[in-house]
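I opened this entry to keep track of what I looked up, one topic at a time.

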Amino acid sequence: MSQENSEAADVLSAVWVVDGLEGHLARVELEDGEIVDMALASLPRGVKEGDVLRVVVEGGDFSLELDPAETARRRTSAQAALNALNMAAPGGEIDL
């Protein structure tokens with residue numbers, strides 16, 4: 001295996017979603033659907049509810065980065081789904 005292939009094999013990536021913020025904690029949904037509480041201080045500065053975090057594991061170390069493009073894509077998709085549901089509702093709006 002070349003060094004380049006070996007380095008690529010050491011890099012893993014995952015996507016987590018910030019489900020909610022409360023005090024000094026963030027409720028984070030992992031890729032497998034598990035919900036965990038994490039210290040807000042351990043997340044990137046400025047993180048908000050609904051933000052997508054890209055988790056990069058490289059050589060035993062990991063880092064968390066905000067992924068604004070994926071966050072925007074998911075928000076747009078969710079809004080489109082909600083708009084479609086509202087259009088089908090008799091009154092034009094779904095009441096929760």
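Strands here are DSSP runs of E of at least two residues, and they are numbered from the N terminus. The model is predicted.

**Loop between β3 and β4.** I looked up S42 first. I found S42 in the loop between β3 (35-39) and β4 (52-58). S42 is partly exposed, at a relative accessible area of 40%. A polar atom of the S42 side chain lies 2.6 Å from the backbone oxygen of A39.

**Core.** Which residues make up the largest nonpolar core? I listed 12 residues in all: A14, W16, V18, A26, V28, L30, M38, L43, V47, L53, V55 and L64. Two or more of these residues come from each of β1 (11-22), β2 (25-29) and β4. The most come from β1, which gives three. I then took V47 and left out residues up to four places away in sequence; V47 touches V18, L21, L40, L53 and L66.

**Surface patch.** I noted a nonpolar patch on the surface, formed by L12, V57 and F62, with about 290 Å² of accessible area together. L12 belongs to strand β1. I record L12 as exposed because its relative accessibility is 52%, and the cut-off for exposed is over 50%.

**Salt bridges.** My search of the whole structure gave five salt bridges. One of them joins the side chains of D51 and R75, at 3.8 Å from N to O. D51 lies in the loop between β3 and β4 and R75 in helix α2, so this pair ties together parts 24 residues apart in sequence. D51 is buried at 6% relative accessible area, and R75 is partly exposed at 41%.

I next looked at D67 and R54, whose closest N and O atoms are 2.7 Å apart in a salt bridge. D67 sits in the loop between β5 (61-66) and α2 and R54 in strand β4, so the pair links parts 13 residues apart in sequence. Is D67 buried or exposed? I have D67 as buried, with 14% relative accessible area, while R54 is partly exposed at 27%.

**Helix α2.** I placed E70 in helix α2 (residues 68-88). The side chains of E70 and R73 meet in a salt bridge of 2.7 Å, N to O. Both lie in helix α2, three residues apart, about one turn of the helix. E70 is buried at 17% relative accessible area, and R73 is partly exposed at 47%. Salt bridges with shared partners join E70, R73 and R74 into one network. I also noted a polar contact of 2.7 Å between the side chains of E70 and R74.

Terms used: Residues are numbered from 1 along each chain as its sequence is written. This is a predicted model: local features need pLDDT of at least 70, side-chain atom pairs count only at pLDDT 80 or more; totals for chains, interfaces and linings use all residues. Side-chain values use heavy atoms; hydrogens and water are left out. Helices (H or I, at least four residues) and strands (E, at least two) are DSSP runs, numbered from the N terminus. A polar contact is a pair of N or O atoms within 3.5 Å; within protein, one must be able to donate a hydrogen and the other to accept it, and residues adjacent in sequence count only if both atoms are side-chain atoms. Buried means under 20% relative accessible area, exposed over 50%, partly exposed in between (1.4 Å probe, protein chains only). A nonpolar core is a set of buried Ala, Val, Leu, Ile, Met, Phe, Trp, Tyr and Cys residues joined through side-chain atoms within 4.5 Å. Contact means heavy atoms within 4.5 Å. Patches are made of residues with over 30% relative accessible area and no salt bridge: like charges are joined within 9 Å, nonpolar side chains (Val, Leu, Ile, Met, Phe, Trp, Tyr) within 5 Å. Accessible areas come from the Shrake-Rupley method with a 1.4 Å probe; for residues, only the protein chains shown count as cover. A salt bridge is a side-chain nitrogen of Lys or Arg within 4 Å of a carboxyl oxygen of Asp or Glu.
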